[in-house]
Amino acid sequence: MFAWKTTTWEKAARSNGGTSAALPKLDTHTTGMVSGTKVATNTGWAKVETIREGQQVLTFDGGLQTIIAVTRHVLMADTNNIASWPMAVPAGAIGNHEGMSLLPHQSVMIESDAAEDMTGDPFAIIPVAALEGYRGITQSRPSEWIEVIQLHFAQDEIAFANIGALFLCYAQTDLISDAAQSDYAVLPMDVAEDLVDCLMFEDEAHASVGAAQFASA
């Protein structure tokens with residue numbers, strides 16, 4: 001019924017004495033959560049690498065949902081492929097209360113008036129890569145290897161992470177390939193970048209208003 005998915009890469013690494021030569025490289029199609037990311041469970045916040053099948057995780061639309069499988073990959077950083085490097089997200093940038101590391105191909109949900117103006121829905125799901133430059137979000141060179149975990153539910157879900165961020169979790173997909181068709185629509189990269197430009201403009205406008213109010217006080 002429930003399953004823990006140990007990848008063939010991990011098995012190969014073990015049979016090769018645990019050396020990095022057997023590990024695949026992090027690339028621009030990798031999705032999932034970087035180890036250390038916290039998710040909301042029925043017993044409180046827990047690091048994603050500690051989650052096991054059968055546990056319940058809080059989701060945006062379905063409330064508490066049961067994890068039916070967990071996929072893990074240990075990936076080597078590709079120093080020649082900067083586009084694959086994780087994004088460093090400061091606390092508060094996308095609703096997260098703590099700083100976090102996100103994969104550029106991972107999809108996250110954001111809420112904004114700009115999203116409603118553009119799509120008719122205040123909630124938009126966008127690739128993390130589109131957020132580069134927004135509120136201090138930048139790509140960061142990873143350590144030699146990175147552990148990536150994806151939580152699988154019975155259906156696609158939006159999971160709460162790092163006390164406020166919202167991650168799209170696919171029901172079934174391979175972390176190192178493009179995701180299957182989802183019940184959730186992810187904005188194309190060009191549209192997502194336009195939305196982020198609007199968000200940055202909003203931030204600048206709010207900062208200007210705040211500065212003017214402070215000057216007149």
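Predicted model: local features only at pLDDT ≥ 70, side-chain atom pairs only at ≥ 80, totals over all residues.
Analyst: A residue is buried under 20% relative accessible area, exposed over 50% and partly exposed in between (1.4 Å probe, protein chains only). Residues are numbered from 1 along each chain as its sequence is written, and side-chain values use heavy atoms, without hydrogens and water.

User: How many strands does the chain have?
Analyst: Helices (H or I, at least four residues) and strands (E, at least two) are DSSP runs, numbered from the N terminus. The chain has 3 helices, and its strands number 15.

User: Does Arg72 count as buried or exposed?
Analyst: The side chain of Arg72 meets that of Glu147 in a salt bridge (Lys or Arg side-chain nitrogen within 4 Å of an Asp or Glu carboxyl oxygen), at 2.1 Å from N to O. Arg72 is in strand β7 and Glu147 in strand β13, 75 residues apart. Glu147 has a relative accessible area of 12%, so Glu147 is buried. For Arg72 the value is 13%, so Arg72 is also buried.

User: How many residues apart in sequence are the parts that Asp203 and Arg135 tie together?
Analyst: The side chains of Asp203 and Arg135 form a salt bridge of 2.8 Å, N to O. Asp203 lies in helix α3 (residues 189-216) and Arg135 in the loop between β11 and β12, so the pair ties together parts whose separation in sequence is 68 residues.

User: What is the relative accessible area of Lys38?
Analyst: Lys38 and Glu98 meet through their side chains in a salt bridge of 3.3 Å, N to O. Glu98 sits in the loop between β8 and β9, whereas Lys38 is in strand β3. Glu98 counts as partly exposed because its relative accessibility is 27%. Lys38 is partly exposed too, because its relative accessible area is 25%.

User: What is the relative accessibility of Val89?
Analyst: Val89 belongs to strand β8 (residues 87-89). Val89 counts as buried because its relative accessibility is 3%.
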